[in-house]
Amino acid sequence: MARKPIARDQIVKLIVGAGQASPSPPIGPALGSKGVKSIDFCKEFNARTAHMTPGIPVPARVTVRPDRSFHFELRTPTTSYLLLQAAGVKERKNKLRGGMAAGKESIGEVSLKHVYDIAKVKQSELRLSGLSLEGLCKSVIAQARSCGITVVP
């Protein structure tokens with residue numbers, strides 16, 4: 001007779017606008033398939049992100065336990081969002097979007113001070129706190145290139 005596998009925690013990664021969580025897709029189906037009531041997550045998420053500017057994309061890592069309870073941790077806004085904001089890029093099709101041909105086309109410029117500020121924000125996150133600020137700055141510069149943003153000294 002086959003043994004039942006041991007129940008383990010399941011992890012769901014979501015990117016949701018601050019203060020704008022609702023049980024409609026993509027949150028509802030992602031959490032509903034794991035047996036979690038999405039309305040509970042939405043209420044708690046909106047309460048925790050109430051102090052942030054509405055609409056900033058905030059990554060959330062939801063851990064669902066075998067008894068269908070959950071907890072989640074919020075992370076800092078995505079690097080690409082912070083770079084596009086610093087470069088002053090206008091919205092296309094109601095979204096902030098990078099360049100179509102990243103290596104060939106430049107959609108904006110950011111200074112090294114902006115890069116340093118973004119790296120400081122990212123370093124405040126627990127999982128990135130062990131990295132050096134120089135390494136984070138290099139990572140932010142690489143992300144800027146892939147978004148089509150030029151870094152000027």
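Is the crossing of α3 and α4 right-handed or left-handed? The crossing of α3 and α4 is right-handed. A crossing is left-handed if the near helix is turned anticlockwise from the far one by less than a right angle, and right-handed if clockwise.

**Basis**

This is a predicted model, in which local features need pLDDT of at least 70 and side-chain atom pairs count only at pLDDT 80 or more, while totals for chains, interfaces and linings use all residues. Residues are numbered from 1 along each chain as its sequence is written, and side-chain values use heavy atoms, without hydrogens or water.

**Fold**

The protein has five helices and five strands. Helices (H or I, at least four residues) and strands (E, at least two) are DSSP runs, numbered from the N terminus. Their order along the sequence is β-α-α-β-β-α-β-α-α-β. The C-alpha trace spans about 65 × 35 × 35 Å along its principal axes.

**Helix packing**

Two packed helices are described by the angle between their axes and the distance between the axes. Axes are lines fitted to C-alpha atoms, for helices over the stretch in contact, and angles run from 0 to 180 degrees between N-to-C directions.

| Helix pair | Angle | Axis distance |
|---|---|---|
| α3 and α4 | roughly 150° | within 11 Å |
| α3 and α5 | about 70° | 10 Å |
| α4 and α5 | about 115° | 9 Å |

Helix α3 covers residues 79–87 and α4 covers residues 112–123. Given their angle, α3 and α4 are therefore roughly antiparallel to each other. Angles under 35 degrees count as roughly parallel, over 145 as roughly antiparallel, 65 to 115 as roughly perpendicular and the rest as oblique. From α3, the contact uses Thr-79, Leu-82, Leu-83 and Ala-86; from α4, it uses His-114, Ile-118, Val-121 and Lys-122. Contact means heavy atoms within 4.5 Å. By class, this α3–α4 contact has five nonpolar, two polar and one charged residues. Here Ala, Val, Leu, Ile, Met, Phe, Trp, Tyr, Cys and Pro count as nonpolar, Asp, Glu, Lys and Arg as charged, and the others, Gly among them, as polar.

Helix α5 spans residues 133–147, and its axis lies 10 Å from that of α3. Their angle makes α3 roughly perpendicular to α5. Thr-79, Ser-80 and Leu-83 of α3 meet Val-140, Gln-143, Ala-144 and Cys-147 of α5. That contact has four nonpolar, three polar and no charged residues.

α4 passes α5 in a right-handed crossing. The α4 residues in contact include Leu-112, Val-115 and Tyr-116, and those of α5 include Leu-133 and Leu-136. This contact has 10 nonpolar, one polar and one charged residues.

**Largest pocket**

Which helix gives the most to the lining of the largest pocket? It is α3, with four residues. Among the lining residues are Gly-55, Pro-57, Tyr-81, Glu-91 and Lys-95. The lining divides into four nonpolar, five polar and two charged residues.

A pocket is an open set of points on a 1 Å grid over the protein atoms alone, where a 1.4 Å probe fits, with protein on both sides within 12 Å along at least five of seven lines; lining residues have an atom within 4 Å of a point.

**Backbone details**

Most residues other than glycine have a negative phi, and most peptide bonds are trans. The peptide bond from Pro-25 to Pro-26 is cis, with omega near 10°. Pro-26 sits in the loop between β1 (10–17) and α1 (27–32). Arg-68 has a positive phi, near 70°. Arg-68 lies in the loop between β2 (57–64) and β3 (70–74).
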